[in-house]
Amino acid sequence: MKTADVRQTLEKCSSEPEIQAEVDSLFVRFGDKDWKPLDDADFSTTPGLARIGNALSVDPLWDIMPIDPNEIGVPSHMRLRFGQHFHYQYILFFRTGSDLSSIKAPFEQVTNNVYFKP
């Protein structure tokens, strides 16, 4: 999947303001200090994000990831992992107001606060 494909999927499933509001609501609900795997029940109030996950994978894997400079050096984010076992791809969703200046290749910007790692 390429960045343009991810952008198109997001546009088909939801709007950028809706996605951002849903991401922010999950951060309010769960915080960003600890790693938190998310399951289907966690998306009961976020239909746009649920549609995105289901459009990309039969079993999308969502997590809230705290700041970890030793991993990829980006602010806390929600991560959607999808794809084949030997070649996962990632979409990172950042909360409103995040400092995204540290994000570098291989991550590509999809929308304001959404990045993709092909």
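Reader: How many residues of strand 4 are buried?

Author: Buried means under 20% relative accessible area, with exposed over 50% and partly exposed in between, using a 1.4 Å probe and protein chains only. By that rule 5 of the 7 residues of strand 4 are buried, and the strand is mostly covered. This is a predicted model, where local features need pLDDT of at least 70, side-chain atom pairs count only at pLDDT 80 or more, and totals for chains, interfaces and linings use all residues. Residues are numbered from 1 along each chain as its sequence is written, and side-chain values use heavy atoms, with hydrogens and water left out.

Reader: Which strands does strand 4 pair with?

Author: Strands of a sheet pair through backbone hydrogen bonds, either parallel or antiparallel. Here, two strands pair if DSSP finds at least two bridges between them. Helices (H or I, at least four residues) and strands (E, at least two) are DSSP runs, numbered from the N terminus. Strand 4 runs antiparallel to strand 3, joined to it by 7 bridges, and the two form a hairpin with 2 residues between them. In this pairing Gly-83 stands opposite Tyr-88. Strand 4 also pairs with strand 6 (residues 114-117) through 4 bridges, again in the antiparallel sense, with Tyr-90 opposite Lys-117.

Reader: In what order do the strands form the sheet?

Author: The open sheet has 6 strands in the order 1-2-3-4-6-5, with antiparallel pairing. Strand 1 and strand 5 (108-111) are its edges, each pairing on one side only. On average, neighbouring strands are turned by 25° against each other, direction ignored.

Reader: Which residues of helix 3 are buried, and why do they line one face?

Author: They are Gly-48, Leu-49, Ile-52, Gly-53 and Leu-56. Seen down the helix axis, these buried residues fall within an arc of 135° (taken from the directions from the axis to the C-beta atoms), so they line one face of helix 3. Their packing partners include helix 1 (3-13) and helix 2 (16-30).

Reader: How many aromatic pairs are there?

Author: Rings of Phe, Tyr and Trp (its six-membered ring) pair if their centres lie within 6.5 Å; planes under 30 degrees apart count as stacked, over 60 as edge-to-face and the rest as tilted. The structure holds 4 such pairs. Phe-43 and Trp-62 have ring centres 4.9 Å apart and planes at 45°, so this pair is tilted. It links distant parts of the chain, 19 residues apart: Phe-43 is in the loop between strand 1 (36-38) and helix 3, and Trp-62 is in strand 2. Trp-62 also forms a tilted pair with Phe-93, at 5.5 Å centre to centre and 35° between the planes. Phe-43, Trp-62 and Phe-93 form one aromatic cluster. Phe-43 is buried at 7% relative accessibility, and Trp-62 is buried at 5%.

Note on methods. Contact = heavy atoms within 4.5 Å. Axes fitted to C-alpha atoms, helices over the stretch in contact; angles between N-to-C directions.
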